[in-house]
Amino acid sequence: MHTVTIKELRTLIPTIGREITPIIQSEPGCGKTSLLHMLEEDLGDKYDYIYVDCPVKDMSDIAMTIPNHTSKTLESYVGSIFKLESNKPKVILLDEFMKSPKLLQVIFTRLMLERCVGDTPLPEGSIVFGTSNNQSDGVGDTMLAHAGNRVCILQMEKPQVDDWLIWATDNDIHPLIRAWVHMFPRSLASYLDDNQEDNPYIFNPKKHQLSFVSPRSLAKSSVIVSNRDTLGDKATMSALSGTIGTSASSDMSAFLSLEKKLPKFQDILDNPDKITIPSEISAQLMVMFQAVDILKTQDELSDFMKFVNRLPSSEMQAVFFTMMVKSKKARDIARGNKQIAKWCEENFDLF
């Protein structure tokens, strides 16, 4: 099966999306809808960005014919969702297109093929793309055959662990969750991968499950972990179980307990040469992800690198280095730091 990554789609959609409509398929919660926001980051204010939640729309949301009593004809009025009062070209996301009512799929077909809403053309240069779940997911996604022949159907890869960790760092996902994902990479596997039949964490259409681990549910669980002191242990575990599933929440509970035993981060900065290094790999990971969030100055980074260099595992050091140089919010202080440069020179073989 040919697949594309989210990174590749950020280039592919604006490149071909003016002439052919890409329909992006993946299993639930993998970041398809987020592509609209990513394209806005990439393309800026040259476009109007339009989100169409296809399953909940009806004809009146898209276009209606209104009597013109003067000419005694019917005129087409386009829904305001498409912002046609603006002359800017549009970037239109038809989200969950294959769950649209069949009549709307027919209406959207002209939008995807001719760049027209009803009889009204979009501004020149407009981009249209859609998303859908895999038909094998069993969540009601179907498409008319003649419509499928008019678009470009693409299979999006589920984010890899390293890519998701960088995204999660830039989007302030709690460091405990990031550390857990690093320790349990199977949590981001796909049911379409080999040997995943017994994976207790992920979505599987053969099992009846409403709560499971996905990039989306991991992000949503961040607010639960961040407020666990207010919620208490019982409510925290119930909320996590209802968001990422029982298996994942049970495994994550060990991380919740372990975090309380970590040294305070300021103590690490104050005494990086002598403070005790946590013996558990999971605890070391949590400190690394905390650091990426907390470090703000060159001096703090240089002090923390003294602690990093004491870690017995170069692979653990590489986790910190990778996050620092690839995360948007951390790489500015990493650039030009002598300790980071020295570590990179001595450990280039790890990359």
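This is a predicted model: local features need pLDDT of at least 70, side-chain atom pairs count only at pLDDT 80 or more; totals for chains, interfaces and linings use all residues.
Is Ser222 buried or exposed? I looked it up: Ser222 is buried, at 7% relative accessible area (buried is under 20%, exposed over 50%, partly exposed in between, with a 1.4 Å probe and protein chains only).

Residues are numbered from 1 along each chain as its sequence is written, and side-chain values use heavy atoms, with hydrogens and water left out.

Around Ser222. I found Ser222 in helix H8 (helices are DSSP runs of H or I with at least four residues, strands are runs of E with at least two, and both are numbered from the N terminus). Its side chain reaches the backbone nitrogen of His174 at 3.0 Å. Skipping neighbours within four places in sequence, I listed Asp172, Ile173, His174 and Ile177 as contacts of Ser222 (heavy atoms within 4.5 Å).

Helix H6. In H6 (residues 161-170), I noted buried residues including Trp164, Leu165 and Ile166. H7, H8, H13 and H15 are among what covers the buried residues of H6.

Pro185. I then checked the loop between H7 and H8, where Pro185 is found. Pro185 counts as partly exposed because its relative accessibility is 43%.

I saw S3 and S4 run antiparallel, joined by six bridges (two strands pair if DSSP finds at least two bridges between them). Ile66 has Glu75 in S4 as its bridge partner.

How values were computed: A polar contact is a pair of N or O atoms within 3.5 Å; within protein, one must be able to donate a hydrogen and the other to accept it, and residues adjacent in sequence count only if both atoms are side-chain atoms.
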